[in-house]
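Keep the 3D view open as you read.

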Amino acid sequence: MIVVVPALAGALVVGGLIALVVGLHPSPVVERPSRPHRVRKLTKQTRMLLLAGVAAGVVAFLVTGWVLALAVVPVAFVGLPVLLSSSSAAQRIQRLEAMEEWTRSLSGVLTVGVGLEQALVATLRSTPAAISPEVTRLVARLRARWNTEDALRAFADELDDATGDLVAANLILGARRRGAGLASVLEGLAESVAADVRARRQVEADRAKPRATARWVTLISVGVLVILAVSGTYVEPYQSPLGQVILVALLAMYVATLVWMKRMAIGRAMPRFLSPVPTATREGAA
């Protein structure tokens, strides 16, 4: 029974760190209408990592006798790729680049003299994949006889980005005034977004260097720990219940350092300024 205590302590500490990462994720500033709660399913890659981690944890327990390995190894297999990756920042840059490309394409269509609604429908085929679902729903709403401004506000709400609000706001003004200068405004906006994308890519290139260093240090540390656990006597003190508690504390401090580094690399999103479409308007238009 005493041997199980370190494993439970390790699971609680690692679970607390994961909850800390989720809790520190910045929340949106603008309140949105309530939506049906959806349970997020594990991706195929996460399931494969979890299964591999469970198998490696069982092997580590059989080889070393550490009950702690049954909890720590699966969590490490799933958590370390998240802490050491930059997929979220790359995805945000890709969406910004898609908005810039779509805005420029819309500006080009408007120059031939078609109306705003027809231009929005015409850009559907050339929409970048990163924002294709949002543009597809926008076009579907316009074809369903939604008010243009309500459809654009719903579009901005789905993009959930300050740049998306800026694009939608210019389109809303164009829908209200029906002037001839919307194409030039969108062209200038596309240039501004392109400059923002270039700046963000440069920042991410600078951040990639310390992230790569942390990745290599982590891999080397894990490799040394595995070798010592299998063949060395250096880790024998950690086999006792008190030693495993100390090992959990050391691992928790290392993970906390990775979390701190991850938090430093995440830029704070600009607050949105467009209010979402009221729920009653959505249901009535649907």
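The second largest pocket has a volume of about 160 Å³. The model it belongs to is predicted.

**The pocket**
- Twelve names to find: the second largest pocket is lined by Leu110, Gly113, Val114, Gly115, Leu116, Gly174, Arg178, Gly179, Ala180, Gly181, Leu182 and Ala183.
- Six nonpolar, five polar and one charged residues make up this lining.

**Helices α2 and α3**
- Two packed helices are described by the angle between their axes and the distance between the axes.
- Helix α2 covers residues 44-64, and helix α3 covers residues 69-83.
- They pack at an angle of about 150°, and their axes lie 7 Å apart.
- α2 and α3 cross in a right-handed way.
- On the α2 side, the contact residues include Leu49, Leu50, Val54 and Phe61.
- On the α3 side, they include Leu70, Val73, Phe77 and Pro81.
- By class, this contact of α2 with α3 has 15 nonpolar, three polar and no charged residues.

**Helices α6 and α7**
- Helix α6 (residues 132-143) packs against helix α7 (residues 148-159) at an angle of about 160°.
- The axes of α6 and α7 are 9 Å apart.
- Angles over 145 degrees count as roughly antiparallel, so α6 and α7 are roughly antiparallel to each other.
- α6 passes α7 in a right-handed crossing.
- From α6, the contact uses Glu134, Val135, Arg137, Leu138, Arg141 and Leu142.
- From α7, it uses Thr148, Ala151, Leu152, Ala154, Phe155, Glu158 and Leu159.
- Which classes do the residues of the contact of α6 with α7 divide into? Eight are nonpolar, one is polar and four are charged.

Note on methods
Residues numbered from 1 in each chain as written. Predicted model: local features only at pLDDT ≥ 70, side-chain atom pairs only at ≥ 80, totals over all residues. Heavy atoms only, no water. Axes fitted to C-alpha atoms, helices over the stretch in contact; angles between N-to-C directions. Helix = DSSP H or I, 4+ residues; strand = E, 2+ residues; numbered from the N terminus. Parallel < 35°, antiparallel > 145°, perpendicular 65-115°, else oblique. Left-handed = near helix turned anticlockwise from the far one by under 90°. Contact = heavy atoms within 4.5 Å. Nonpolar A, V, L, I, M, F, W, Y, C, P; charged D, E, K, R; others polar. 1 Å grid on protein atoms, 1.4 Å probe; cavity = no way out; pocket = protein on both sides within 12 Å on 5 of 7 lines; lining within 4 Å. Points joined across faces, edges and corners; volume = space filled by probe spheres on them.
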